[in-house]
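The following exercises are to be worked through with the sequence and the model at hand. Each task is followed by a solution in steps.

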Amino acid sequence: MPLDQRTRRAIVRLRKKGLRYSDIAEALGISRTSVSRLLTTWRTKRTLKPQKPGGGNKSPLRRI
């Protein structure tokens with residue numbers, strides 16, 4: 001389930017206060033991986049918008 005904007009802002013705010021990823025995850029009740037992914041996106045793209053789903057290979061069984 002995607003994180004809401006309030007949670008996204010809280011992650012960045014808590015990280016700026018110096019909390020570790022695991023502490024942020026525990027405080028907000030989310031996974032450490034979610035915290036890591038959001039902060040990586042924040043550092044590289046400076047956005048808190050949800051990323052588009054994607055990746056993977058198209059099925060050879062699917063018609064083009």
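**Exercise 1.** Determine in which helix Trp42 lies, and which residues Trp42 touches beyond four places in sequence.

*Solution.* Step one: Trp42 is placed in helix α3; helices are DSSP runs of H or I with at least four residues, numbered from the N terminus. Step two: when residues up to four places away in sequence are not counted, Trp42 touches Val12, Lys16, Thr47 and Leu48, where contact means heavy atoms within 4.5 Å. Step three: Trp42 and Arg8 stand 34 residues apart in sequence, and their C-alpha atoms are 9.6 Å apart in space.

This is a predicted model, in which local features need pLDDT of at least 70 and side-chain atom pairs count only at pLDDT 80 or more, while totals for chains, interfaces and linings use all residues. Residues are numbered from 1 along each chain as its sequence is written, and side-chain values use heavy atoms, with hydrogens and water left out.

**Exercise 2.** Decide whether Thr41 is buried or exposed, and list its contacts beyond four places in sequence.

*Solution.* Step one: Thr41 belongs to helix α3, which covers residues 32–45. Step two: the relative accessible area of Thr41 is 18%, so Thr41 is buried; buried means under 20%, exposed over 50%, and partly exposed in between, with a 1.4 Å probe and protein chains only. Step three: apart from neighbours within four places in sequence, Thr41 is in contact with Arg46, Thr47 and Gln51. Step four: Arg46, one of these contacts, lies in the segment after α3. Arg46 is exposed at 56% relative accessible area, and has a positive phi of about 55° although it is not a glycine.

**Exercise 3.** State how many salt bridges the structure holds, and identify the partner of Arg20.

*Solution.* Step one: the structure holds 1 salt bridge, that is, a side-chain nitrogen of Lys or Arg within 4 Å of a carboxyl oxygen of Asp or Glu. Step two: Arg20 pairs with Asp23, and their closest N and O atoms are 3.2 Å apart. Step three: Arg20 is exposed, at 52% relative accessible area, whereas Asp23 counts as partly exposed at 30%.

**Exercise 4.** Identify the residues that form a positive surface patch.

*Solution.* Step one: patches are made of residues with over 30% relative accessible area and no salt bridge, like charges being joined within 9 Å and nonpolar side chains (Val, Leu, Ile, Met, Phe, Trp, Tyr) within 5 Å. Step two: Arg6, Arg9, Arg13 and Lys17 form the positive patch. Step three: Arg6 lies in helix α1 and counts as exposed at 67% relative accessibility. Lys17 sits in the loop between α1 (5–16) and α2 (21–28), and is exposed at 61% relative accessibility. Step four: the C-alpha atoms of Arg6 and Gly18, 12 residues apart along the chain, are separated by 19 Å.

Technical notes:
Accessible areas come from the Shrake-Rupley method with a 1.4 Å probe; for residues, only the protein chains shown count as cover. Lys and Arg count as positive and Asp and Glu as negative; His and the chain ends are not counted. The place of a charge is taken as NZ of Lys, CZ of Arg, CG of Asp or CD of Glu. Helices (H or I, at least four residues) and strands (E, at least two) are DSSP runs, numbered from the N terminus.
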